[in-house]
Amino acid sequence: MSDISDRRRAASSGRAPTPVALIGAGRIAAVHAKSLRDPAVRIVGVADPDRSAAERLARELGTDAYVRWEDLLELDEVEAVIVCSASDAHAEQVAAAAAAGRNVFCEKPLATDLDGVDSAISAVERSGVVLHVGFNRRFDPGFAELSRRVGSGGIGRLLQLRITSRDPEPPPTGYPRGPGGLFADMAIHDLDMARYVSGEEVVAVAAVGSSIVDPLAGAAGDIDVAAISLRFASGALGVIECCRISTYGYDQRVEVHGSDATAWTTNPLPAVTVQADAGGARSSPLHRFFPERYEQAYSAELAAFLSACRGLGAGPAASGNDARAALVLAQAAQVSLLEGRTVPVAEVGSPTTPSTADLP
Ligand SMILES: NC(=O)c1ccc[n+]([C@@H]2O[C@H](COP(=O)([O-])OP(=O)(O)OC[C@H]3O[C@@H](n4cnc5c(N)ncnc54)[C@H](O)[C@@H]3O)[C@@H](O)[C@H]2O)c1
């Protein structure tokens with residue numbers, strides 16, 4: 001571990017508020033900003049090339065706005081950086097923050113290609129800072145419980161895993177779209193969930209997809225409906241269903257089927273009251289989208305990151321290698337889609353250099 005990193009950790013061990021810089025001021029930055037309004041945190045600046053976005057969020061947080069993210073790294077006091085920018089900026093920003101001795105929380109994906117992932121991970125390893133990747137679903141109580149039950153043998157031997165992942169609507173107009181986007185941007189969460197809940201590596205991927213929902217995705221060469229089949233190292237199988245539209249809200253469910261038992265999560269509802277009459281029963285609609293559905297998980301993942309920055313806790317729950325493994329699976333899915341065949345994961349890239357720390 002570098003001296004600079006040691007100094008930063010020591011400085012924060014006296015429980016002074018951790019000085020944090022925020023890169024990016026869009027949708028997910030606004031979500032994380034809520035959790036950062038905490039006495040344990042002092043936000044020293046927000047950077048976004050969209051000046052009005054930076055100024056709006058900075059005003060809400062009572063901090064300074066910057067147009068250049070590099071300027072935040074010039075501020076000596078910054079101990080931790082939260083990267084919420086567009087995905088293609090992540091690798092460079094993580095590598096620069098790590099090289100400057102700052103602990104980094106980076107939204108998924110860590111990079112849009114494997115070279116970017118590897119350079120970010122190398123920079124983090126060289127400087128010894130904390131890197132935590134934003135796979136927030138690992139902090140969802142329901143999914144975490146499923147992972148524990150599989151890991152403890154509570155369902156016997158895992159045979160099948162099923163993930164349902166439906167967004168209420170496609171991303172906004174300006175959101176980057178391109179070939180492979182559904183796998184690398186949306187399904188990457190589900191691919192990570194498959195590894196996290198099963199506690200296994202995936203060895204082969206087969207995917208089919210269509211462009212029938214979001215004209216912008218189709219024009220950019222991407223799909224918006226997909227079914228991804230997975231073969232795990234043990235021979236267990238997984239299925240992930242993704243769709244960019246859902247009239248009834250944000251639908252996020254996982255089921256594990258084992259030799260002794262089957263377990264699944266239902267969607268937590270914003271309200272628990274059910275009203276029934278002769279026409280049937282009516283419950284609350286689902287949460288609308290990710291900010292509401294995962295509010296608790298987003299807050300818990302940042303709390304875990306900040307604890308890791310202070311040298312507390314078990315370390316990052318989603319590492320650089322986890323980010324690499326999920327991106328490899330997303331790329332394998334895209335190769336399968338284009339070539340119409342089952343793709344061995346090793347063909348795309350070693351899924352990770354697995355260490356037990358990367359799996360539950
Ligand atoms: N974990 C999750 O549930 C989740 C949810 C949504 C988005 N995300 C991820 O968060 C990231 C941002 O997504 P979003 O939905 O907030 O998008 P967004 O378009 O709402 O916001 C992105 C912001 O980044 C800014 N930006 C672009 N290039 C930048 C750069 N070089 N430096 C600093 N800022 C830059 C843009 O101007 C924009 O304001 C993406 O990587 C996305 O995959 C994660």
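Two strands pair if DSSP finds at least two bridges between them. Helices (H or I, at least four residues) and strands (E, at least two) are themselves DSSP runs, numbered from the N terminus. By these terms, strand E7 (residues 158–166) is joined to strand E10 (residues 237–243) by seven bridges, and the two run parallel. Arg 166 stands opposite Cys 243 of E10. E7 also pairs with strand E11 (residues 251–258), here in the antiparallel sense and over eight bridges. Val 256 in E11 is the bridge partner of Leu 161.

The model is a predicted one: local features need pLDDT of at least 70, side-chain atom pairs count only at pLDDT 80 or more, and totals for chains, interfaces and linings use all residues. Residues are numbered from 1 along each chain as its sequence is written.

The protein chain is divided into domain 1 (3–129) and domain 2 (138–289 + 319–358), with bounds that come from an automatic or database domain assignment. Taken over C-alpha atoms, the centres of domain 1 and domain 2 are separated by 27 Å. Twelve residues from domain 1 and ten residues from domain 2 make up the contact, where two residues are in contact if their C-beta atoms, placed from the backbone, lie within 7 Å. The side of domain 1 that touches domain 2 has eight nonpolar, two polar and two charged residues. In this classification Ala, Val, Leu, Ile, Met, Phe, Trp, Tyr, Cys and Pro count as nonpolar, Asp, Glu, Lys and Arg as charged, and the others, Gly among them, as polar.

Another sheet is open and has six strands in the order E3-E2-E1-E4-E5-E6, with parallel pairing. Strand E3 (65–66) and E6 stand at the edges with a single partner strand each, so one side of each is left without a neighbour in the sheet.

Four bridges join strand E4 (residues 80–83) to E5, in parallel. Ile 82 stands opposite Phe 105 in E5, and the bridge partner of Val 83 is Cys 106. Between E4 and E5 the chain passes through helix H5 (residues 90–99) in a right-handed β-α-β crossover. A crossover is right-handed if, with the strands pointing away from the viewer, the path from the first strand over the helix to the second runs clockwise. E5 is also joined to strand E6 (residues 131–134) by four bridges, again in parallel, and Val 104 stands opposite Leu 131 in E6. The chain crosses from E5 to E6 through helix H6 (residues 114–127), and this β-α-β crossover is right-handed.

Five of the five residues of E5 are buried, so the strand is largely enclosed by the rest of the structure. A residue is buried if 20 or more other C-beta atoms lie within 10 Å of its own, exposed if 12 or fewer, and partly exposed in between, with C-beta atoms placed from the backbone. Asn 103, Phe 105 and Glu 107 cover one side of E5, and Val 104 and Cys 106 the other.
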